[in-house]
Amino acid sequence: MKRILLALALLAPALAGAQDLNHPWTLQECLDWALEHNLNLKQSELNVAQREIQLNTSKNAYFPNVSGSANESVNFGRGLTEDNTYTTGATTTNTSFSIGAGMNLFDGMARPNNVKLSQLNLDAALADLERARDDIRVSVAKAYVQVVYDYDIVDVARDQLELDQAQVERLQAMVENGKASQAELSQQKATLAQSDYTLVQAENNLRNALLDLSQLLDFPNADGFSIVKPDIAVGDHLLARPEDIYADAVEQRPGVKAEQLRLNGSDLSIKIAKAGFSPTLSLSGGMGTSYYTNTRSLYPQDGFWQQLSHNFSPYVGLSLSVPIFDRFSARNNVRTARLNRTLQQITLDKAKQSLYKEIQQAHANALAAEAKYRSASEAAAASEDAFILAQAKYENGKATVTEYNEARTRLAKARSDKAQAACEYLFQSRLLDFYRGSALEL
């Protein structure tokens, strides 16, 4: 039974994936699935759990340490009697019980700073987790847009194939009627074969794009997987300046926030290191009792419970430790903490610099894609008009098949360029909105 349950548990992800592939997936469905099943995110979640345990450990440092002990010893030969003299040939036993507690009263503020540092480390781990989620979101969205583009290219290739197929059928009829030569038919069949090859290549690219996306989603395979094609509106909103986008992004991007939290933590690390120069004060207390026997004792010995009662002794004490010379350990710890703080400041500055460069690049790509889309749209419209004219001339015998195919090729390229520019603008513009805190939507 256990083996059956184990097999079902192992097959559950595959069965769930197969069931979910029966419908076209939206971007939001892809994002939700990736965030739930990505193994890298699960590792980041475990890191957060570890930081939570460290925070709990730091808080528990305020509690006293309590320990108990019980000892039993048996000595043969020379032993101490009740009158504080030694005798030989005796067997003595000693049984003792004790319980004690110790508590740190002052340690140069190391404990409260450790609690604050553990909280900052936890917050940084949560920010790292959100950054990992954002990386997954961007990767999935980019792969999703690539699939959208490949869908468009397949549509363009299929339209060209249908057009060439119609021309072959038309020329075949004209050859049979003696109105076209066999050479023209052969040339058009070659063009049809090339269009068929282009469609096959486009379909292969689409399958590879779907495979890449499915692998990001950790699907067992991409069989039956498809997406919902979004409506693309280029220039539907104005792009903000990179400086304005950065001003919003730097305050909320989890990557920058994580490094800022670590910088704050490095300040606390310096304070913790400086605590090594401070004296420490601790409180201790406890109680103990014992039972003693000697086989050569000259006096009657009290019983077990009576001795435990008589020997009961509580104690309490204060301990003050003042560092005098620690071989410069505390000094070097402070130096190291300050160096780490400088390194962390550089890491934070690099994170901000990298974010600004990413925003600049995305903004430039969006502007370029928008300009390219407008140009490609005009080129596609002009190419379509030119193709219609070339087709009419060709069908009326006023243009050669070469001129016709050149017009068809220019139209196909213009359509492909338009689709590519539209998808590029779609991704880059939404990425800029994402930097400013908006959800990643297409």
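## Basis of the model

The model is predicted, so local features need pLDDT of at least 70 and side-chain atom pairs count only at pLDDT 80 or more, while totals for chains, interfaces and linings use all residues. Residues are numbered from 1 along each chain as its sequence is written, and side-chain values use heavy atoms, with hydrogens and water left out.

Helices here are DSSP runs (H or I, at least four residues), numbered from the N terminus. Helix H4 covers residues 110–176. Just after H4, Gly 178 has a positive phi of about 75°.

Helix H9 covers residues 329–395. Gly 397 follows H9 and has a positive phi, near 80°.

## Packing of H3 with H4

Helix H3 (residues 39–60) packs against H4 at an angle of about 170°, with the axes 8 Å apart. Axes are lines fitted to C-alpha atoms over the stretch in contact, and angles run from 0 to 180 degrees between N-to-C directions. H3 and H4 are therefore roughly antiparallel, the term for angles over 145 degrees.

The contact (heavy atoms within 4.5 Å) includes Leu 41, Val 48 and Leu 55 of H3 and Val 115, Leu 122 and Leu 129 of H4. Its residues comprise 10 nonpolar, 8 polar and 5 charged. Ala, Val, Leu, Ile, Met, Phe, Trp, Tyr, Cys and Pro count as nonpolar, Asp, Glu, Lys and Arg as charged, and the others, Gly among them, as polar.

## Two pockets

A pocket is an open set of points on a 1 Å grid where a 1.4 Å probe fits, with protein on both sides within 12 Å along at least five of seven lines; lining residues have an atom within 4 Å of a point. The largest pocket holds about 330 Å³ of space, a volume being the space filled by probe spheres set on the points. Among its 16 lining residues, Arg 131, Asp 135, Gly 255, Leu 355 and Glu 358 are the closest to the centre. H4, H7, H9 and H10 each give two or more residues to this lining, which has 8 nonpolar, 2 polar and 6 charged residues.

The second largest pocket holds about 270 Å³. Its lining includes Tyr 149 and Phe 427, and H10 provides the largest share, 6 residues.

How values were computed
Angles under 35 degrees count as roughly parallel, over 145 as roughly antiparallel, 65 to 115 as roughly perpendicular and the rest as oblique.
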